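Subject: The structure we talked about

Hi there,

Here is the structure I promised to send over. Have a look at it first, and then read on for my notes.

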4 protein chains.
Amino acid sequence: MDDLTVRVRAFAEERDWQQFHTPKNLAMALAGEVGELLAEFQWLTPEQAGAVMDDAVAGARVRAEIGDVMIYLTRLADVLGIDLTEVALTKLEEAAIRYPVEHVKGSAIKR
Amino acid sequence: MDDLTVRVRAFAEERDWQQFHTPKNLAMALAGEVGELLAEFQWLTPEQAGAVMDDAVAGARVRAEIGDVMIYLTRLADVLGIDLTEVALTKLEEAAIRYPVEHVKGSAIKR
Amino acid sequence: MDDLTVRVRAFAEERDWQQFHTPKNLAMALAGEVGELLAEFQWLTPEQAGAVMDDAVAGARVRAEIGDVMIYLTRLADVLGIDLTEVALTKLEEAAIRYPVEHVKGSAIKR
Amino acid sequence: MDDLTVRVRAFAEERDWQQFHTPKNLAMALAGEVGELLAEFQWLTPEQAGAVMDDAVAGARVRAEIGDVMIYLTRLADVLGIDLTEVALTKLEEAAIRYPVEHVKGSAIKR
């Protein structure tokens, strides 16, 4: 993870793109890439979507879109001084308390 | 990263939530969380957005939203059998070829 | 439609919110509301999603989210000087040429 | 509006695309198009974004993206049996009560 953060940062700095990499702009770019990821799945049935990685062409597109999402998420977290793994683990611990196994097992996820 | 993947997977399996964690559903959930992240920045000026982590309350919300985004991205990648760091590094290498430093330095990012 | 545009504009102007209603900010707000709409559907099966309006509580939430999306889309179009119906009809005519009935009937939508 | 709804519905029915036009799929498609719209603005300064329609090429892209968003929003509302203008006006009336002019005038929009 740290290595990825360092490499994405170097990629931006070598191109003098820090000026574009504001939190607002990066959040928009992240959302744009997630939109492209959604487009890969939108017309598939649940069964087709579940087997998408078995299709070489579609699978490569999904891998590429997930890569783009991860790049922008990594860059946004770096610009904000946030450790991605740490905040994810913190939220997961909170979710474990909010959704106790004995209460929610097998039932639809509540919002 | 691997540890996070394992923990998110365990969280889902303990709750029998694999049935909900299809690629389509997880992509939608990821987009929903990115929408909440956008909402944190949407009315801020670029300057306010750049200083958002200095505000304890707003900063905590941003950390929480980024944590949620990372959880769903990790889970989606796991379900699809994708290594997040690997696909991000692959895309970064492709981007380095597509946007050579000498051609794009300091200029607006082309789509 | 025109009446809605006028009312949304009046709502913003009465509150001196034009300063916040820049194209970037409104596009982010639109995406945020679409994220909330996605959240209404993300854990539903296709069958459950197809019957969502039969549930009074969930149906009311979906109506509210669609209302929010339409408000921000209307406001964004107004700020940009775009007529929503006109641009939608123009795109629909282009799509009719791009996807001729005899070629695409019943087959998966191509991107 | 009604005319647009009728035309979008005819476009889908002529192509036997009702099978793809489930609420989940249409919500994903809507989000995907909003993602493309965000991409038009993401690297622009607020000033550049405010003048985007003065640029013939960028302005045409923005018009096309807004058209796509409106098409999918119209189709989703139609499939759900929702009147877009009506739900937007209802939400606007609720927002007028929630954000009284005398309390919020000129101040940042609260979430």
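Where in chain C is Asp16(C) found? Asp16(C) sits in the loop that runs between helix H1 (2-14) and helix H2 (23-41) of chain C. Before I go further, please keep in mind that this is a predicted model.

Asp16(C) is worth a look for its backbone: its phi is near 55 degrees, which is a positive value in a residue other than glycine. With 13 other C-beta atoms within 10 Å, Asp16(C) is partly exposed; the cut-offs behind that label are 20 or more for buried and 12 or fewer for exposed.

Chain D has its own Asp16. Asp16(D) lies in the loop between helix H1 (2-14) and helix H2 (23-41) of chain D. Its phi is near 55 degrees, again a positive value for a residue other than glycine. Asp16(D) counts as partly exposed, having 13 other C-beta atoms within 10 Å.

**Chain A as a whole**

What does the secondary structure of chain A come to? There are 6 helices and 0 strands, and along the sequence the pattern reads α-α-α-α-α-α. The radius of gyration of chain A is 17 Å, well over the 13 Å that the globule rule gives for 111 residues, so chain A is more spread out than a compact globule.

Of its 111 residues, 41% count as buried. Taking the contacts between residues at least 6 apart in sequence, 71% join residues that are at least 24 apart.

**Helices H2 and H4**

How do H2(A) and H4(A) pack? In chain A, H2(A) and helix H4 (residues 56-80) pack at an angle of about 165 degrees, and their axes are 9 Å apart. That angle makes H2(A) roughly antiparallel to H4(A), since angles over 145 degrees count as roughly antiparallel. The crossing of H2(A) and H4(A) is left-handed.

You can find the corresponding pair in chain C. H2(C) and H4(C) pack at about 165 degrees with their axes 9 Å apart, and they are therefore roughly antiparallel to each other. Their crossing is left-handed.

Is Ala29(A) buried or exposed? Ala29(A), which has its place in helix H2 (residues 23-41) of chain A, counts as buried, with 25 C-beta neighbours inside 10 Å. Leaving aside neighbours within four places in sequence, Ala29(A) is in contact with Tyr72(A) and Gln42(D). Ala49(A) is 20 residues from Ala29(A) along the chain, and the C-alpha atoms of the two are separated by 24 Å.

**Where chain A meets chain B**

How many residues of chain A are in contact with chain B? The contact involves 57 residues of chain A and 57 residues of chain B. On the side of chain A that touches chain B, the elements giving two or more residues are helix H1 (2-14), H2, helix H3 (46-50), H4, helix H5 (84-98) and helix H6 (101-104) of chain A. H4(A) gives the most to that side, with 13 residues.

Chain A can be laid on chain B by a turn of 180 degrees and a shift of 0.0 Å along the axis, with an RMSD of 0.0 Å. The two copies are thus related as by a two-fold rotation axis. As for the interface, 100% of the interface residues of chain A are also interface residues in chain B, so the copies meet through the same surface.

**Where chain C meets chain D**

This contact takes 57 residues from chain C and 57 residues from chain D. The elements that give two or more residues to the side of chain C that touches chain D are H1, H2, helix H3 (46-50), helix H4 (56-80), helix H5 (84-98) and helix H6 (101-104) of chain C. H4(C) provides the largest share of that side, 13 residues.

A rotation of 180 degrees, with 0.0 Å of shift along its axis, superposes chain C on chain D with an RMSD of 0.0 Å. Here too, 100% of the interface residues of chain C are also interface residues in chain D, so the copies meet through the same surface.

Note on methods
Residues are numbered from 1 along each chain as its sequence is written. Chains are lettered from A and ligands numbered from 1 in the order in which they are written. This is a predicted model: local features need pLDDT of at least 70, side-chain atom pairs count only at pLDDT 80 or more; totals for chains, interfaces and linings use all residues. Copies are superposed by least squares on the C-alpha atoms of residues with pLDDT of at least 70 in both. Two residues are in contact if their C-beta atoms, placed from the backbone, lie within 7 Å. Helices (H or I, at least four residues) and strands (E, at least two) are DSSP runs, numbered from the N terminus. The radius of gyration is taken over C-alpha atoms; the globule rule is 2.2 Å times the number of residues to the power 0.38. Axes are lines fitted to C-alpha atoms, for helices over the stretch in contact, and angles run from 0 to 180 degrees between N-to-C directions. Angles under 35 degrees count as roughly parallel, over 145 as roughly antiparallel, 65 to 115 as roughly perpendicular and the rest as oblique. A crossing is left-handed if the near helix is turned anticlockwise from the far one by less than a right angle, and right-handed if clockwise.
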